[in-house]
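These are my notes from a first look through one structure.

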Amino acid sequence: MLTIGVIGAGIYGTYHIRTYMKDPNIEKVIVCDLNEERLKVAEDSYGITGYTNMGEMLEKESIDAISIATSDPYHFAPLKEAIEAGIKNIFVEKPLATTVDEAEEIVRLAKKHDTKIMVDFHKRWDPAYNNMKDLVKNDQIIRGYISLDDVISVPLNWFSWTAKSSPVWFLGVHCYDLIRYMTNSEVQSVYAVGNKKMLADKEIDTYDSAQAILQMTDGSNWVVESSWILPDSFPKSNDGQLVMLTDNHYLKNESYRGVKSYGEKASLPNYIFMNFGEDEVSGFGLDPMKEFIRNIIENKDFRCDAVDGLMATKIAAAVHQSLETGEVVLLNEGNL
Ligand SMILES: NC(=O)c1ccc[n+]([C@@H]2O[C@H](COP(=O)([O-])OP(=O)(O)OC[C@H]3O[C@@H](n4cnc5c(N)ncnc54)[C@H](O)[C@@H]3O)[C@@H](O)[C@H]2O)c1
């Protein structure tokens with residue numbers, strides 16, 4: 001039985017806590033958040049012990065694994081602290097880091113301290129994408145299109161750190177990782193264009209939307225669109241689709257998959273993504289945390305690791321570089 005420390009008790013950290021609390025291999029969940037109010041809500045809601053200081057938590061508790069759900073720009077400090085404290089298994093939200101230097105340092109530290117890191121690229125657990133991956137396993141992929149968009153209240157109202165992230169860091173990294181996963185290949189070059197208007201008008205200095213063209217080493221080309229400005233009238237907090245053309249298949253997947261609910265606002269419940277049952281949780285949004293614990297118990301390698309996190313960070317940084325310069329950015333083997 002394991003004791004796990006969840007770092008960050010915000011929107012997503014709460015999903016970590018709720019998932020681990022239902023895991024039969026978890027004896028104890030402990031939470032840490034710098035924000036005392038958030039910490040208290042988590043402590044009271046789930047009846048768990050909390051700390052505002054991660055060092056104190058690591059000193060006082062006997063922790064087997066750490067699960068990090070701090071804000072996008074603040075994954076590095078808790079990752080480094082956990083690795084250097086000797087924690088051997090760490091789960092971290094995407095993106096691994098929002099700078100290539102930090103991501104490289106994490107990969108280096110993890111190697112030095114023999115620490116295993118799983119990055120929450122949950123698209124790798126989506127049954128639709130795994131089905132598509134299987135269908136095209138003997139094909140030559142020609143081209144692909146992925147979009148992933150959030151409604152505008154996500155950057156406007158959900159976070160205090162929006163300007164320190166972007167649709168590229170928050171959403172794009174899922175898509176870049178998924179393309180690497182689907183194609184079993186690496187990005188060769190990136191060209192991107194973007195818009196800054198609606199969020200900038202609200203004095204949030206980040207992109208509304210970015211469109212990137214990725215050329216892959218397997219010869220396929222991909223268009224990735226990510227935005228933070230879907231109208232709030234959209235009946236889900238996000239939308240996404242993937243269209244793929246190969247020499248043998250034409251495949252499409254949309255994130256909407258079933259129930260429609262007409263209440264005050266129409267909604268499309270996404271039970272395939274997250275489903276909190278009485279005794280068990282399910283869905284590909286929570287499967288990564290369940291598999292993280294199973295892999296620790298069974299001493300197995302993780303489905304995606306710190307190097308995958310580093311690659312997605314390199315691609316996102318290249319997308320930003322292209323957005324700023326208007327130039328094609330090469331990611332050849334030398335700098336991959
Ligand atoms: N896998 C996914 O699909 C998915 C979806 C949404 C969010 N996320 C990721 O989850 C992470 C958290 O997002 P969120 O929506 O929960 O954000 P949030 O702002 O609601 O919560 C972040 C929490 O981290 C705390 N925090 C920040 N630095 C800390 C530190 N050093 N130590 C302890 N606590 C610290 C903050 O006080 C805050 O309570 C982000 O990286 C985000 O990209 C992943």
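For sorting residues by class, I counted Ala, Val, Leu, Ile, Met, Phe, Trp, Tyr, Cys and Pro as nonpolar, Asp, Glu, Lys and Arg as charged, and the others, Gly among them, as polar. The model I looked at is a predicted one.

Entry: the ligand.
I sorted the shell around the ligand by class and found 13 nonpolar, seven polar and six charged residues. Of the 26 residues around the ligand, I noted Gly-8, Gly-10, Tyr-12, Asn-35 and Glu-93 as those that come nearest. I then looked up the helices that take part: H1, residues 11-21, and H4, residues 76-84, each supply at least two residues of the shell. H1 gives the most, with three residues.

Entry: helix H4.
I listed the buried residues of H4 as Phe-76, Pro-78, Leu-79, Ala-82 and Ile-83. An α-helix has 3.6 residues a turn, so residues three or four places apart point the same way. I next asked what covers the buried residues of H4. The cover includes strand S1 (2-7), helix H3 (54-60), strand S4 (65-68), strand S5 (89-93) and H5. After H4 comes Gly-86, and I read a positive phi there, near 95°.

Entry: H4 against H5.
How do H4 and H5 lie to each other, and at what angle do they pack? I found an angle of about 10° between H4 and H5 (residues 100-112), with the axes 10 Å apart. Angles under 35 degrees count as roughly parallel, and H4 and H5 are therefore roughly parallel to each other. From H4, the contact is made by Phe-76, Leu-79, Lys-80 and Ile-83; from H5, by Glu-102, Ile-106, Leu-109 and Ala-110. By class, I put down six nonpolar, no polar and two charged residues for this contact.

Entry: the core.
I found 82 residues in the largest nonpolar core. Those with the most contacts inside it are Val-6, Ile-90, Val-190, Ile-315, Ala-316 and Val-319. I followed Val-319 and left aside its neighbours within four places in sequence; it is in contact with Val-168, Gly-172, Val-190, Ala-192, Ala-210 and Ala-212. Another core, of five residues, lies apart from the largest one, and Val-151, Val-154, Leu-199 and Ile-229 are among its members.

Most residues other than glycine have a negative phi, and most peptide bonds are trans. I looked for exceptions. Lys-94 and Pro-95 are joined by a cis peptide bond, with omega about -10°. I placed Pro-95 in the loop between S5 and H5.

Asn-184 has a positive phi, near 50°, and is not a glycine. I found Asn-184 in the loop between helix H8 (167-183) and strand S8 (187-195). Is Asn-184 buried or exposed? It counts as exposed, because it has 12 C-beta neighbours inside 10 Å.

Asn-299 also has a positive phi, near 55°. Its loop runs between helix H10 (287-298) and helix H11 (306-325). With 7 other C-beta atoms within 10 Å, Asn-299 is exposed.

Entry: Lys-265.
Lys-265 sits in the loop between strand S13 (261-262) and strand S14 (266-267). I noted it as exposed, with 10 other C-beta atoms within 10 Å. Lys-265 and Phe-234 are 31 residues apart in sequence, and I found 9.1 Å between them in space, C-alpha to C-alpha.

Key
Residues are numbered from 1 along each chain as its sequence is written. This is a predicted model: local features need pLDDT of at least 70, side-chain atom pairs count only at pLDDT 80 or more; totals for chains, interfaces and linings use all residues. A residue is near a molecule or strand if its C-beta atom, placed from the backbone, lies within 6 Å of it. Helices (H or I, at least four residues) and strands (E, at least two) are DSSP runs, numbered from the N terminus. Axes are lines fitted to C-alpha atoms, for helices over the stretch in contact, and angles run from 0 to 180 degrees between N-to-C directions. Angles under 35 degrees count as roughly parallel, over 145 as roughly antiparallel, 65 to 115 as roughly perpendicular and the rest as oblique. Two residues are in contact if their C-beta atoms, placed from the backbone, lie within 7 Å. A nonpolar core is a set of buried Ala, Val, Leu, Ile, Met, Phe, Trp, Tyr and Cys residues joined through C-beta atoms within 7 Å. A residue is buried if 20 or more other C-beta atoms lie within 10 Å of its own, exposed if 12 or fewer, and partly exposed in between; C-beta atoms are placed from the backbone.
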